[in-house]
Each structure stands twice: as structure tokens, then as C-alpha cells.
Amino acid sequence: MYPFVSTHENGTCILVCYIDEKNFLDIDDKELIINMASGFRTCECYEPEMDKNTSLIICVKRNQNASVSVDKQRRLEDDPFYFKKYVLIHSEDEIQELNLYLKGSDDFLDTLKRYIYDKDHFNSYKSEPENNQLYSVITNLTTKIPILPLDASKSYDLLDVASHFSEKYDREYTAAKRTNIERIIDAINKYPDDETQNIERLIDFSRGLAAIFEGSGI
């Protein structure tokens with residue numbers, strides 16, 4: 001168990017615990033976290049306010065049933081009690097490959113970010129995830145460890161979610177189709193809820209939508 005106490009925010013800590021996959025699976029979820037919390041409270045650096053300001057990173061060395069470990073990982077991370085929990089499941093080969101990649105680096109954080117932002121690395125992982133252990137472990141690190149913030153504005157040609165859908169929308173729909181979609185949304189938003197029992201208004205509303213669809217090519 002390794003506590004890393006913040007020098008900038010009082011009472012804030014990142015607690016890193018290592019455990020092999022067999023023990024991770026054998027120990028009951030609640031018992032596992034209680035044991036870690038109890039051990040943390042015996043540390044010299046512990047302060048009572050850390051109970052609500054600590055992020056717990058559980059590093060699990062994979063050597064058993066990976067799918068079962070992932071199920072437990074989700075349960076622990078979704079559990080709102082005790083710490084904010086992150087479970088990092090890794091293999092020995094992944095760690096060795098990561099150490100080799102970082103060897104000689106003067107700035108680990110910058111090196112990790114540059115790798116994860118590289119579009120070629122992403123495309124390679126997307127096409128053959130089983131053959132890209134390095135991308136897998138770096139992705140896990142950047143999503144599980146709070147001190148590794150990702151800045152989408154500096155991603156090398158990778159799009160954030162909003163930009164991705166905007167590009168897809170612009171590519172697949174002409175200006176005319178977008179206008180008609182917006183007309184449909186506007187018509188639906190303007191139709192009052194209290195008119196749902198007025199059959200004449202409902203018929204007029206349906207005819208209006210039908211006219212938009214007929215001329216839209218949607």
C-alpha cells in the first residue's frame with residue numbers, strides 16, 4: 001500500500017494498492033475495501049478528512065479469469081462507499097512493454113500523452129487490439145489515474161465526441177436535409193401537450209409532418 005499525499009490540497013491523497021488476481025477474486029468486495037481502508041488508517045500520513053478525499057487505485061496483476069475480474073472491477077468502481085475507486089487490471093507483459101517504452105524518457109506524463117493522442121497508434125489498436133498491449137495499458141493508465149489528465153485540444157487529429165458527430169452529420173446530410181430535420185424538431189417542440197386530445201389539431205399536425213417528410217428525401 002502506497003499513499004501519495006497532495007502537497008497542494010490538504011487532506012487529499014491517492015492510495016495505490018497492489019494485489020494479484022487470485023486474491024482479488026477470492027476476497028469479498030466489501031471486505032477487500034474495508035481491509036484496504038483499515039490499513040490506510042494506520043499510515044503515518046493519514047488524516048481523518050482523507051476518508052472522503054482519497055482516490056484508491058487497485059492494481060491487479062492478471063493471472064486468472066480476466067472476464068470475472070472485469071465484472072468485479074465494475075462493481076468496485078460503481079460502489080459509492082469509501083473511496084473513489086479505480087481498478088487497473090494488467091499483465092506482466094504489458095508492464096514490461098510499458099517500462100521499455102518509457103525507458104530514457106525525461107517526462108513520463110508527456111510521453112504517455114503523446115502516445116495516446118497519436119492517431120496511428122489509435123487506428124492500429126482499433127484494428128488489432130489483441131496485438132497492441134502497449135496502447136491497452138497506456139489507455140488504462142490515463143483513464144484510471146487521476147493525475148493523468150487528457151487534453152482533447154492537443155490530440156493529434158483525434159476528434160472529441162462533439163466534433164466526431166458534427167463531422168459525421170455534415171458528411172451524411174446535405175444542407176436541405178438538415179433544414180428539414182430542424183423543421184421537424186421545431187414542429188414537434190411547438191405542438192402543445194394539452195392538444196393531444198384535440199383530434200382536429202392532431203390531424204393538422206400529422207399532415208404538416210407528412211408534408212415535410214415528402215419533400216425532404218429523409
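In what order do the 4 strands of the open sheet run? Select E1, E2, E3 and E4: the order is E1-E2-E3-E4, and the pairing is mixed. Strands here are DSSP runs of E with at least two residues, helices are runs of H or I with at least four, and both are numbered from the N terminus. Two strands pair if DSSP finds at least two bridges between them. The model is predicted: local features need pLDDT of at least 70, side-chain atom pairs count only at pLDDT 80 or more, and totals for chains, interfaces and linings use all residues. Residues are numbered from 1 along each chain as its sequence is written, and side-chain values use heavy atoms, with hydrogens and water left out.

E1 and E4 are its edge strands, each pairing on one side only. The average twist from one strand to the next is 20 degrees. Next, show E1 with E2, which pair in the antiparallel sense over 4 bridges. Phe4 has Ile14 in E2 as its bridge partner.

For the contact (heavy atoms within 4.5 Å), select Leu112, Tyr115 and Ile116 in H5, which meet Leu134, Tyr135, Ile138, Thr139 and Thr142 in H7. These residues divide into 6 nonpolar, 2 polar and no charged. Ala, Val, Leu, Ile, Met, Phe, Trp, Tyr, Cys and Pro count as nonpolar, Asp, Glu, Lys and Arg as charged, and the others, Gly among them, as polar.

Last, go to the largest pocket. A pocket is an open set of points on a 1 Å grid over the protein atoms alone, where a 1.4 Å probe fits, with protein on both sides within 12 Å along at least five of seven lines; lining residues have an atom within 4 Å of a point. Of the 24 lining residues, Tyr18, Cys59, Leu88, Leu141 and Ile145 lie nearest the centre. E2 gives the largest share, 5 residues. The lining divides into 20 nonpolar, 2 polar and 2 charged.

Key
Axes are lines fitted to C-alpha atoms, for helices over the stretch in contact, and angles run from 0 to 180 degrees between N-to-C directions.
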